[in-house]
Amino acid sequence: MKAKQSLTDSEIAAIEKEILRVPLPRAACIEAMKIVQEHRGWISDDTLTLLADHLGMSTAELDSIATFYNLIFREPVGRHVILLCDSISCYVMGYEKIYLTLSDLLHIRFGETTADGRFTLLPNVCLGACDQAPAMMIDEDTYPRLQAQQLAHILSTYP
Amino acid sequence: MEKPLTQHISFNRPAFHLKDYERVGGYEAFRKCLTLPPAEITALVQESDLKGRGGAGFNTGMKWSFVPMTGDYRHKYLIANADEMEPGTFKDRMLMEGNPHQLLEGMMIAAYAIQADISYVFLRWAYRKAARLLDRAIAEAYEAGYLGSNIRKSGYGLEMYLHTGVGRYICGEETALLNALEGKRATPRSKPPFPQISGLFGQPTIVNNVETLCNLPPLLNNGPDWYKSLSRGQDAGTKLYGVSGHVKKPGLWELPMGTPMEELLQDYAGGMQDGYQFRGALPGGASTDFLVHQHMSVALDYQSVAAAGSRLGTGTMIVLDDRTCPVGFVHNLEHFFAQESCGWCTPCREGLPWTEKILHSIEEGRGSPYDLELLSTHCQQLGPGHTFCALAPGAMEPLQSVLKYFREDFENHITYHRCPWRH
Amino acid sequence: MADISIDNIPYTVAEGKNLLEVCLSLGIKLPYFCWHPAMGSVGACRQCAVTVFKDVNDTRGRLMMACMEPVRDGLYISVNNASARAFRAQNIEWLMTNHPHDCAICDEGGACHLQDMTVLTGHAYRKYNYPKRTHLNQNLGPLIHHEMNRCIQCYRCVRYYKEYAGGRDLDVFAAHDLVYFGRAHEGNLENEFSGNLTEVCPTGVFTDKTLRQHYTRKWDMTMAPSICPHCSLGCNVIAGERYGSLRQITNRHNPFVNGYFLCDRGRYGYDFSNQPQRIPEPLIDNVVATPEILFNKLSEIVINNKLIGIGSPRASLEANFALRQLVGVENFYQSLSEPETELTKKILAINQSGTIHTPSMADIERTDAVLILGEDPTNSAPRLALSLRQALRNQPLEEAESIRVPSWNDAALREKIQDQSGPLYIAYPRSTKLDDLATHTNHLAPNAIADWAFALAQLLEQPDSPPASLSNQNHADLMAIAQTLKRSKRPLIVSGMSLFNEQILQAAYRIALALNKQDQKTDLALILPESNSTGLALLQAPSIEKAFSRASNESIDGVLVLEQDLYRQFPLEKVDGFLSRIEHLIVIDQIHHGTTSKATIVLPSTTFAESSGTLVNSEGRGQRYYAVFVPGSEAIRPAWSWLNDLRQIKGGLQVEELDQHPDLLSELIELLPEFAGLDRVGPKPGYLIHEQKIPREPHRFSGRTAMSAHLTISEPKPPVDTHSPYGFTMEGYRGLPPAPLAPYYWAPSWNSGQAVNQYQQDFNGELKENFYGFRLFPGPVQTPVSWSAEQPENISNGDIELVPFVHIFGSEWLSSLSPGIASLAPKPYLALSVLEATRYGLEPDIEAKLQIGAKTFTLTVQIHPEMPEGIAGIPYQIMGLTGIEWPSFGKINPETS
Ligand SMILES: Cc1cc2nc3c(=O)[nH]c(=O)nc-3n(C[C@H](O)[C@H](O)[C@H](O)COP(=O)(O)O)c2cc1C
Ligand code: SF4
Ligand code: FES
């Protein structure tokens, strides 16, 4: 995937709005990364540098922040990102089985993307659905009370 | 039984719009506050003995009282901590998805009390529904004139923004949260100076938990005496209690503070599922000590749970049953903590991965008796005050208690070189 | 003062410090990593834990990080109780879980803070038996080697590099136990102070790459206190040698000058002394001469001939003075052009005048508002720029006093003041590295800088009658600047002679005087080009042009050029013309250059590390450097020693009668009152401690008897040093010498450079005894400086005005011969504004011709949008761009050649 050579107008407009809320542009850097990631799926080295320039930061400064957080993707991800909760309630309620099933269905492990670029599978800390464990998110949708046999169907709804 | 936190929440219908909330008395408390001197509100809250629901249980009004009320500040900030990433915890989510306006009103009251002019909801990214509802609620509040400048001609102005985090448990720690909001790495800050004095962008700041803030509208409407009268235990008010694990009816309930553990487990969570036996429970999220059978009658309030050797924490309980390996259980927890260490201080950054590796090798049957000694050493040396923030000491709470109550299970793993729960 | 108890011993200590500082200055061995005396505390490493008790009756106490605990009266603590000791040992054990067992092949080994601290805590046996995490290393350029696996994540490197030094290309990445310290991508570190990482890093992650080329353990080096010869600030350094070559420069703490840090030119410039261009033997007509032939030839030239001498701003005071005495004051010139001579004279006059304070670097760090006129300090006086960065925190910090956080609580203060920075105004033709901190920058041509500054001066002198010629915008800016400077408690004006513009200097002086009227708290720092520019200026010699014209008017038999390449300074035809009129040219220098190739006689001189001498820095501080070693060849001698021989030969002495050790400094002081007191720069030559010399070699020095076994089986007699308090071997005084005399920092248990804390009473403060050099300013006779109304006209002939841009790497000759520095020096470029580039039809990165006088240079075009029109910038005196006289004009792409 080759990054675009500049930030798009709509990206810039959204970023500028965030910058207005904070005392200095760099303070909006996390919002800015989210905005760009929403448009591009992930943040490539080129994108990172573009963004850093826009915010008056160095690439290193921005990457230092980007790499600290879990949900800023510095490597390409699939069209859909599966966040499977691997925390304690889901552990007790059998997330491992869900994981193995997903892994079988998609032929990937945690941290990997399917060959067709459709799904990336990531472990995630507690999704706050502990009373409905095990749980996962695909993109913006949360799936509670997962059972292994549902998974194939759920996945099929994500083209 | 009064349920001031959840009275307007029903999952059979969508969350209230501002108008609906106003119809049931919403924003009355804030409107009343606008006519009172800020210090009076702080005093009322302090008197009510509302304690922070973020886990530490510090008197909320007292916390506010450290904010300087004179002097020249560029801004003052009020932040709702909606990062909720403590494993096993799902209470703030319900409050925000159920009735976002109550949180907003609580924030407005708190902001007014400290005379903050900017407020943030720091929400974890995964709470998408809450994000949509909060966005909508904030827009409605602006439209209705509860936010913006010169609110209801009081001369008081408040801006409110929603910030969704990009993941990392440490962002919930209030000073790390400030760094995250400033667009920095979310490593905690040293205290003193406390955020009340030098917080977001170096300005006076209060960070309160969502549940704490949701208490404020009813509290202000009904007064401290009423608030205290809600409780059955040693601390005031009601509390959201949750139960997860192999119970019949996992869920979340608003109950009087001090409801005994047994009542919560039996009457509300419906007892253990068939075929499962209760072995113990973390009473308030991943970083609390186990309570076991002998603690069934413990009242779930801050002081009583502390007396039983644990912490009320977030009040959301995780149950360990007899078909789940305690070693695997605590290994899962330590894996979480090791991954979520921010990497700033030595003991946490290096010590947690070590405990994780030890637990993993015990779980896989490669442990040695000496490993138990090493684990105990870690529990001691990663204790409060040894690390920079409370993450690592929190991580040691389930570990030290599991070693205390389920030591035999560890020894069995070591003796038989395998996990008895995995064939 | 506070009365405290540490392990049941009562102490009375100063309040306001933290417990770690207190313990260290009491000599209590408390380990630490993240704390740094210049950078304060953040409490990250958790290594400095102590137990704090409520009172005498508290038996349990609480573990606290000493670096985060302020001292208060009645404090009752234990450093050595079991629980604090156990925790510190555990903490080291954690750090060591991922640390490789590679001390034996690690550059840091033997001078490693982590090693020292590990031994201190007693952690010895590994209980961790899982795989270690590993990282990839990065190529960080020619100066610094990166070995990330050794990292103990103390965060000092990023704190230093980003927050202290303002670097932006080194950072911390990722989280938890994977945190990584490096660049976003491989490549040269961009900050000019990156070398300090090697000292700031407590282990072997960042190490000196140049040392790797000729690696030697610290304990195997012969070391002596020295002074950096590469700019006018005179930073104090420790220089180390083995097998006859200079191996390493490290920082030597001088609280008034460089504190804990050096610039990269100073740290890595030393390698010039090991280069093949070094002159090993005396030459007559380019042929090696035996001592007898040399003596005869020298006698022939020196006796009964009319000689003139040309002194050098990079030669020691002793050498310049010896030359002056040899040729006579009326025949002594300096290797500076007329404008340069005038500029240095003016700077000297201002500094001596007593009308304005000349600040030390420590003073500079205390100022709170800065105006820079016509200098780019990062390049022309690098270490000063680092001090300016610290000074700019003072005003915001003062505002932060309301939160009552002690000054050492670094993180808390940075969070409070955020990105705020005190007022900084810069007027320079192009952007500089300090622009990121500037309140206001004004990119102007040199004369326009002067005009702008004069207008400011007038606003300050007569607020009621502002200069008429100003535009409204300029007026408003200037008013704001004037107001801020006036409000400042301690303003600083920085200027100098890099742009060869005397009016800028005059304006700077007027501004400083006007501000000083208020409360006498204004500082004026004037930057000079070379390590001994001030010392030479004090000798008051006429410019070389006076020598040139004299040579064309009268016959001169011989010229003695001291440590300088005239071809580098002046146009070829001028130097050729001058030399053609002279029969005998004697050049004394360390390295071959254009002038040595023309010399009748070349006398090889020692480098700063091979001899002792005195330099006077831009602050007027005379400082002494000491020989680290005696050069392998006896024929290489200090310039002053050659010159003194010549004086004696001239006086009729024979070879065997020559006295090697005259006390030139005493002679100088006696003769010239300006130098009174200069003998206090260091101890008297006969100085002994307990009847012993201070050894230059650590007591663990190895292989002494074997080092020359391949040449001779008996150990040669070590050289005797009668000039200094130092002996050349490891024999001598075993205790810690007085701090300013320490030839290296070592103390029991402290093998790394951090042993410096054992020499100090007070961090950031004075060392235990006082030989910090001697300040010659203000002078004995004090008079305000006046300027003649007339200003020299620069005639342009329609040529474009050239502006010299000084570069930290490349503009100073000696350091530019060190391979590491050379590789970082810019290639010849022509810097133009957009307008000017359009005018000449030039685009970035293409080649352009620039004709200066008779010479044409080929340069690569750079376009600087911020530059004003009407000027073109070229790098000052870099390789390939020498022989240009300043100020200068040129023709871009001349029609014909
Ligand atoms: C590692 C760590 C994570 C935390 N996460 C949260 C969180 O997600 N939500 C929260 O409200 N408090 C969290 N806290 C507690 C906060 O630091 C802080 O005490 C709380 O937000 C204060 O609000 P309160 O006074 O209303 O309880 C966390 C603390 C630690 C040490
Ligand atoms: S205990 Fe230390 S490393 Fe762990 S999260 Fe807190 S500050 Fe970071
Ligand atoms: S030196 Fe005190 S915590 Fe690092």
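Over all chains, a search of the whole structure finds 77 salt bridges. Please keep in mind that this is a predicted model. As a reminder, side chains of opposite charge can pair when their charged atoms come close.

Let me begin with chain C. R314(C) and D589(C) form a salt bridge, and their closest N and O atoms are 3.0 Å apart.

E318(C) has a relative accessible area of 6%, so E318(C) is buried. R624(C) is buried as well, because its relative accessible area is 18% and the cut-off for buried is under 20%.

A further salt bridge joins the side chains of R389(C) and D436(C), at 3.3 Å from N to O. R389(C) sits in helix α13 of chain C, and D436(C) sits in the loop between β18 and β19, 47 residues apart. R389(C), at 12% relative accessibility, counts as buried, whereas D436(C), at 44%, counts as partly exposed.

In chain B, salt bridges that share partners join R53(B), K91(B), D92(B), E211(B) and K239(B) into one network.

I now turn to the interface of chain B and chain A. The size of an interface is often given as the accessible area lost when the parts come together. Chain B and chain A bury about 3700 Å² between them, and 59% of that area is on carbon and sulfur atoms. Chain B brings 53 residues to the contact, and chain A brings 39 residues. How many salt bridges cross the interface of chain B and chain A? There are two, and R422(B) meets E96(A) in a salt bridge at 3.6 Å, N to O. Among the elements that give two or more residues to the side of chain B touching chain A are α7, β3 and α13 of chain B. The largest share of that side, seven residues, comes from α13(B).

F58(B), M62(B) and F66(B) make a nonpolar surface patch of about 280 Å². F58(B) lies in the loop between α3 and α4 of chain B and, at 43% relative accessibility, counts as partly exposed.

Note on methods
Residues are numbered from 1 along each chain as its sequence is written. Chains are lettered from A and ligands numbered from 1 in the order in which they are written. This is a predicted model: local features need pLDDT of at least 70, side-chain atom pairs count only at pLDDT 80 or more; totals for chains, interfaces and linings use all residues. Side-chain values use heavy atoms; hydrogens and water are left out. Patches are made of residues with over 30% relative accessible area and no salt bridge: like charges are joined within 9 Å, nonpolar side chains (Val, Leu, Ile, Met, Phe, Trp, Tyr) within 5 Å. Accessible areas come from the Shrake-Rupley method with a 1.4 Å probe; for residues, only the protein chains shown count as cover. A salt bridge is a side-chain nitrogen of Lys or Arg within 4 Å of a carboxyl oxygen of Asp or Glu. Helices (H or I, at least four residues) and strands (E, at least two) are DSSP runs, numbered from the N terminus. Buried means under 20% relative accessible area, exposed over 50%, partly exposed in between (1.4 Å probe, protein chains only). Contact means heavy atoms within 4.5 Å. Buried area is the accessible area (1.4 Å probe) that two parts lose on being put together, summed over both.
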